[in-house]
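Please read this walk-through with the model open beside you.

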Amino acid sequence: MRTKSTGKKKINIVTLGCSKNVYDSEVLMGQLEANGKKVVHEEKGDVVVINTCGFIDNAKEESINTILEYVDLKNQGIVEKVFVTGCLSERYKPDLMKEIPDVDQYFGTRDLPILLKHLGADYKHELVGERLTTTPKHYAYLKISEGCDRPCSFCAIPLMRGNHISTPIEKLVIETQKLAKKGVKELILIAQDLTFYGLDIYKKRALGELLQELIKVEGIEWIRLHYAFPTGFPEDVLDIIRTEPKICNYIDIPLQHINTELLKAMKRGTTFEKTNTLLDKFREKVPDMAIRTTLIVGFPGETEERFEELKQWVRDQRFDRLGCFTYSHEENTTAYVLEDNISDDVKQKRVEEIMEIQQQISWEKNQEKVGKTFKCIFDRKEGDYFVGRTEYDSPDVDNTVLVPAKDVYISIGEFANVKITSAEDYDLIGELV
């Protein structure tokens, strides 16, 4: 058994899952620091708080394995206490308490004040926008709302995150100003659904109005939009993207599928025709826009014919960025009553087929960039290269720009113009100009 430290206890925050969880961990860390606590992110600590993901099977498995790992460290006396929060804990708290009783306490997604109490801290309401960011200093996520009111039949997020609640524009502006003062240059707007922003507090879709206020913040050079639901998309946002240089010509819009019958079963509120009309509008209003989407394969009722329709649509649309996931049969969702009748092997094979099509599209689109010059922001140095991104690429999920470090030096977090000299499937290689 390790001798317990007599000094100030170090609280280690471990983050699993999506960027929304990253944001939540940063808010927790900011509150702890304001309370005089010593807090670290994914380093050694005396007390561990695991911010879990419960979205799909793989994420749940990773969360459970992480909890078990830290419980084992607790039983060895290496850590003193283990707390669990986040989506998995919100959704499965009674089961987790029964199956892993050695965790000191479980908390849900909206239990921050209670969690802080257990960590010997008080929730400070005056800390509007105060966070300890865990991303590189030049970019940060800005969560503009919590929860979701959409009825998607496959999705458990409303079970874990609750109903949609928008954060008022003035609070988001203050938060952005504080981030800019810390050196943040790129702001990545996130939510379960950007499209819905403002309906609850302003009685109208207010994403455009929010953007008009955020672009006024000095120091912020890029603003990027993630997770915009297609149904009811506020078209005034397209005009702002086109005319405002700070708003990246980029949008992440999860479309999930294209077959009308499957979209109906998924309760997406759209059709083949409506989806294509929206994409046409995007490209008409913002011709230079990079469109990222995600798809689900293996949803109940996805016949070979419907999957072939999806494949052909991916070929026709030629998305700039695309991710693909297998359907996860989630209890308490409305799709759970449907028979999960497609085998895991077939689901995985379909993912591979979609991604093979997208790999070729990505390669072709990258070849078109050779000889052109792009403004890039540089995230890190890796091996023999400085690694950056264009405005068409979000961190961690999209393409990168590689500049050989042999003869140049680039400050991390700075912008530079890069002429593309060659291109691969997902990477561009270039030189400073």
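Contact here means heavy atoms within 4.5 Å. Keep in mind that this is a predicted model.

Start with Glu26. This residue sits in helix H1. Is Glu26 buried or exposed? Its relative accessibility is 0%, so Glu26 counts as buried. Which residues does Glu26 touch, leaving aside neighbours within four places in sequence? They are Arg131, Leu132, Thr133, Thr134 and Thr135. Asp102 lies elsewhere. Glu26 and Asp102 are 76 residues apart along the chain. Their C-alpha atoms are separated by 26 Å.

In total, 35 residues line the second largest pocket. Nearest its centre lie Tyr23, Asp24, Val27, Leu112 and Tyr123. The volume of this pocket is about 940 Å³. What is the lining made of, by class? It has twelve nonpolar, 13 polar and ten charged residues.

Next, look at the backbone. Lys203 is not a glycine, but its phi is positive, near 60°. Lys203 is in the loop between strand S9 (186-190) and helix H7 (207-214). Its relative accessibility is 65%, above the 50% cut-off, so Lys203 counts as exposed.

Tyr227 also has a positive phi, about 65°, without being a glycine. The loop that holds Tyr227 runs between strand S10 (222-225) and helix H8 (236-243). How accessible is Tyr227? Its relative accessible area is 23%. That value falls between the 20% and 50% cut-offs, so Tyr227 is partly exposed.

Now turn to helix H11, residues 304-317. H11 has 14 residues. From first C-alpha to last, H11 reaches 20 Å, close to the 20 Å expected at 1.5 Å a residue. Which residues of H11 are buried? They are Phe307, Leu310, Lys311, Trp313, Val314 and Gln317. These residues cover an arc of only 160° around the axis, so they are on the same side of H11. Glu305 and Asp316 are exposed on the other side of H11.

What covers the buried residues of H11? The cover includes helix H10 (272-285) and strand S12 (290-297). Strand S13 (321-326) and helix H12 (344-367) are also part of it. Just after H11 comes Arg318, which takes a positive phi of about 50°.

Finish at Thr400. This residue belongs to strand S16, residues 400-404. Is Thr400 buried or exposed? Its relative accessibility is 15%, under the 20% cut-off, so Thr400 counts as buried. Setting aside residues up to four places away in sequence, Thr400 touches Val387 and Gly388, among others. Its contacts also include Tyr426, Asp427 and Leu428.

Definitions and conventions. Residues are numbered from 1 along each chain as its sequence is written. This is a predicted model: local features need pLDDT of at least 70, side-chain atom pairs count only at pLDDT 80 or more; totals for chains, interfaces and linings use all residues. Side-chain values use heavy atoms; hydrogens and water are left out. Helices (H or I, at least four residues) and strands (E, at least two) are DSSP runs, numbered from the N terminus. The expected span of a helix is 1.5 Å times one less than its number of residues. Buried means under 20% relative accessible area, exposed over 50%, partly exposed in between (1.4 Å probe, protein chains only). The arc is that of the directions from the helix axis to the C-beta atoms. On a 1 Å grid over the protein atoms alone, a cavity is a set of points where a 1.4 Å probe fits but cannot get out, and a pocket is an open set with protein on both sides within 12 Å along at least five of seven lines; lining residues have an atom within 4 Å of a point. Grid points are joined across faces, edges and corners, and a volume is the space filled by probe spheres set on the points. Ala, Val, Leu, Ile, Met, Phe, Trp, Tyr, Cys and Pro count as nonpolar, Asp, Glu, Lys and Arg as charged, and the others, Gly among them, as polar.
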